[in-house]
Amino acid sequence: MSRAIRKLAIECGFQKVGIVPAGALEEERRRLEEWLGLGYHGEMRWMERDPQMRSDPRRLFEGARSVVALAMNYYTPHEHSDDDEKGKISRYAWGDDYHDVLRGRMKELLGRIELLIPGVRGKICVDTSPVMDKAWAVRAGIGWLGKHTNVITTDYGSWVFLGEILLDVELDYDTARVEDHCGSCTACLDACPTDAITEPYVVNSNKCISYATIELRSDEIPDEISEKLEGWVYGCDICQDVCPWNRFQKNSDKKEFTPRGQSTGLDPEEILAMDDETYSRRFYKSAMKRVKLRLLKRNAAALLRSAR
Ligand code: B12
Ligand code: SF4
Ligand code: SF4
């Protein structure tokens, strides 16, 4: 069964798959609670909700016995905009919203698993579910947690989205893990302009450009960050761009991840002048819809200030 599921996952468009028993992630819960205790989640209050559930999928989906961990490559051979007049968009948000892309493929996969195992029940989780996507990917042998805290695969680098299908049946499990290949490298820690990677394997969201430009809801971006935006208007890829393992990237076969209008940047002046209707049209089904126009304008204004 496990072999058949792995094959189906690849057929459904995933590059990596691993199957492990559903259970409590004890060590990861301890680290999550420590992280929350330090306030490193900033205003992401939803992260505080029930760490017990976040670290144990059986609390989210009663009867969960197995976790099918999945990864999808989103690298496309485009570069970040080097136009000084434009704000850079992080790679993950160039094309269609990855939540929709992954969910569609996972639904297809679950449908095929249901044909394979009659009566099986499953739950699809990607990003927004209270599940620790990275921890499951590591457990399932998809990759290791880099010092920048993203999961790195040996063959696609860290340009992969993660998700899981929880199943209520027992299967044969993967036991091999990928060893940590960071070694003595500190490129991501050295390159982070805001020192958000406070120590290897720990990110303080309050200092992270990605958090400030996507998750933070306040009217202003704090000065400590807006002074060091380094041209980013939505998200930040610096710690991944400098990672030597991202030299092993491969082009994604999903046209959905191709930059919209071939554009990897946004003109901040254009954003400031944008009306709701243009915003809705331009970002229809894009991951960038995660920030409302008000926040995108806030980011654009901060970027213009930092450029002065
Ligand atoms: C909250 C969140 C954020 C926050 C916090 C980031 C973070 N480091 O967790 C913010 C807003 C900053 C963020 C930013 C980004 N995110 Co985000 N985010 C999440 C989310 C929703 C939860 C992650 C989480 O649980 N964090 C809580 C802390 C406790 O987890 P952690 O840092 O992983 O902590 C572990 C380690 O620190 C470790 N640890 C601690 N100390 C030590 C010491 C040692 C020695 C060791 C070995 C380990 C260790 O233990 C902890 C538990 O395992 C996940 C989706 C999900 N449902 O899981 C996506 C997710 C992690 N994000 C993702 C992406 C793509 C990004 C960005 C790259 C987007 C961008 N380009 O702007 C950036 C990357 C910034 C960065 N360097 O992390 C992807 C990552 C894919 C991958 N290959 O790993 C995910 C998995 C979404 C997805 N489903 O694909 N994100
Ligand atoms: S995403 Fe940018 S700001 Fe956040 S940890 Fe990485 S380099 Fe630092
Ligand atoms: S840049 Fe170096 S230390 Fe950071 S994640 Fe990549 S290999 Fe690990």
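1. Starting with a strand pairing: Lys-88 has Trp-232, in S10, as its bridge partner. Strand S3 (residues 87–89) runs parallel to S10, with two bridges between them. Strands here are DSSP E runs of at least two residues, helices are H or I runs of at least four, and numbering goes from the N terminus; strands pair if DSSP finds at least two bridges between them.

2. A quick caveat: this is a predicted model, where local features need pLDDT of at least 70, side-chain atom pairs count only at pLDDT 80 or more, and totals for chains, interfaces and linings use all residues. Residues are numbered from 1 along each chain as its sequence is written, while chains are lettered from A and ligands numbered from 1 in the order in which they are written.

3. Back to the sheet, which is open and mixed, with three strands ordered S10-S3-S11. Strand S10 (232–234) and strand S11 (265–266) sit at the edges with a single partner strand each, so each has one side without a neighbour in the sheet.

4. Now Thr-153, which sits in the loop between strand S6 (151–152) and S7. Thr-153 is buried because 22 other C-beta atoms lie within 10 Å (buried takes 20 or more such atoms within 10 Å, exposed 12 or fewer, partly exposed in between, with C-beta atoms placed from the backbone).

5. As for Gly-235, its C-alpha is 21 Å from that of Thr-153, and the two are 82 residues apart in sequence. Gly-235 is also among the residues that come nearest to ligand 1, along with Arg-31, Ser-90, Asp-133 and Ser-210.

Conventions. A residue is near a molecule or strand if its C-beta atom, placed from the backbone, lies within 6 Å of it.
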